[in-house]
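Please open the model in a viewer and keep the selection tool at hand. The stops below can be taken in order.

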Amino acid sequence: MKIAVVILNWNGEVLLERFLPSVVKFSRDATIYVADNASTDGSIEFLEKRYPEIKIIKNSTNGGFAQGYNEALQRVDADIFCLLNSDVEVTEDWLAPIPEAFNTLPKAAIIQPKILDLLNKEYFEYAGAAGGFIDQLGYPFCRGRIFQTLEKDEGQYDDTKEIFWATGACMFVRKAVFSELNGFDADYFAHQEEVDFCWRAKNQGHKVYYIGTTKVYHLGGSTLSNMNPKKTYLNFRNSLFSITKNLPIHKAFIIIFIRLLLDGIAAIRFIFQFRFKHFLAILRAHFSFYRQFRGMYKKREKSKFLLKYYTTKSIVWSYFVHQVKNFNILVKD
């Protein structure tokens, strides 16, 4: 089973210098690619000088995470793609469990490892943690991370488990499935495109798994931090995109209406926090959603929609009202 580790880069010379050594050292059974999104720093020169063994794919423009990978992976020859963020430190034997998992887990199409925080290695990291889920309203969360609350890794998620979505920070996906789904939706640009991708895969009968016997450490926030209004804009808009595309239409309309109301509450909350740029980001997200609704509606898959897609009815209610901040307690509830 041929594995290609593909790192997407945009003006990330500093990150490549810091994180490539672990990838090169511990990925001897894989071919390593760097897909460059038209960087204007010294990324290409650095790679050519320091890592001539790494294959470089030069995208013509910066199309973000989604389009960047869509273009690059067309030029990668492998059975399994590993989409790896440029700010991830991998560990020894991190690839070892992956081929066996794809061969033995039923209908396994997408897999993610345990994602821990590089700066606080005893804790899970925001982007992916121990596998992603969504609630009935389409809000994403993870085992090991609900909103901004991160759990300490005490072995509670050292298992193999079917999940709803895998993080784009470190995602393994079968090439055949990536092609079948026509890759990521490039209209997302960045953020939550992996949720949509996994949702579409599950609608087609594929499965997504978390493997807790392998781990990587993620720095996080290297492209957009949680304090960046652009991230707020993309997350609010793209979540509405996913609901529009991946649910039966009568359910989608009801949930979109509820989400728009809740987004309004979130926007008002930003005003009281004096985070006016984030308030405006939500408004921009809604207007962008309205403009693109027709196009998103046309993208709806002609398949049997997965009706039991959620783990809990409302993660917002559980977290903010009942103060449930641990995934295992949430599941018990």
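The model is predicted, so local features need pLDDT of at least 70 and side-chain atom pairs count only at pLDDT 80 or more, while totals for chains, interfaces and linings use all residues. Residues are numbered from 1 along each chain as its sequence is written, and side-chain values use heavy atoms, with hydrogens and water left out.

**Stop 1: α1 and α2**

Select residues 13-25 (helix α1) and 43-50 (helix α2), which pack at an angle of about 30 degrees with axes 9 Å apart. Helices here are DSSP runs of H or I, at least four residues, numbered from the N terminus. Axes are lines fitted to C-alpha atoms over the stretch in contact, and angles run from 0 to 180 degrees between N-to-C directions. The angle makes α1 roughly parallel to α2 (under 35 degrees). Now show E13, L16, E17 and L20 of α1, which meet S43, F46, L47 and R50 of α2 (heavy atoms within 4.5 Å).

**Stop 2: α7 and α8**

Move to residues 229-246 (α7) and 249-272 (α8), where the angle is about 170 degrees and the axes are 10 Å apart. That makes α7 roughly antiparallel to α8 (over 145 degrees). On α7, pick T232, F236, S239, L240, I243 and T244; their partners on α8 are A252, I255, I256, R259, L260, D263, A266 and F270.

**Stop 3: a pocket**

Finally, select M1, I3, K25, F26, S27, R28, D29, E92, D93, L95, A96 and P99, the lining of the second largest pocket. A pocket is an open set of points on a 1 Å grid over the protein atoms alone, where a 1.4 Å probe fits, with protein on both sides within 12 Å along at least five of seven lines; lining residues have an atom within 4 Å of a point.

Terms used
Helices (H or I, at least four residues) and strands (E, at least two) are DSSP runs, numbered from the N terminus. Angles under 35 degrees count as roughly parallel, over 145 as roughly antiparallel, 65 to 115 as roughly perpendicular and the rest as oblique.
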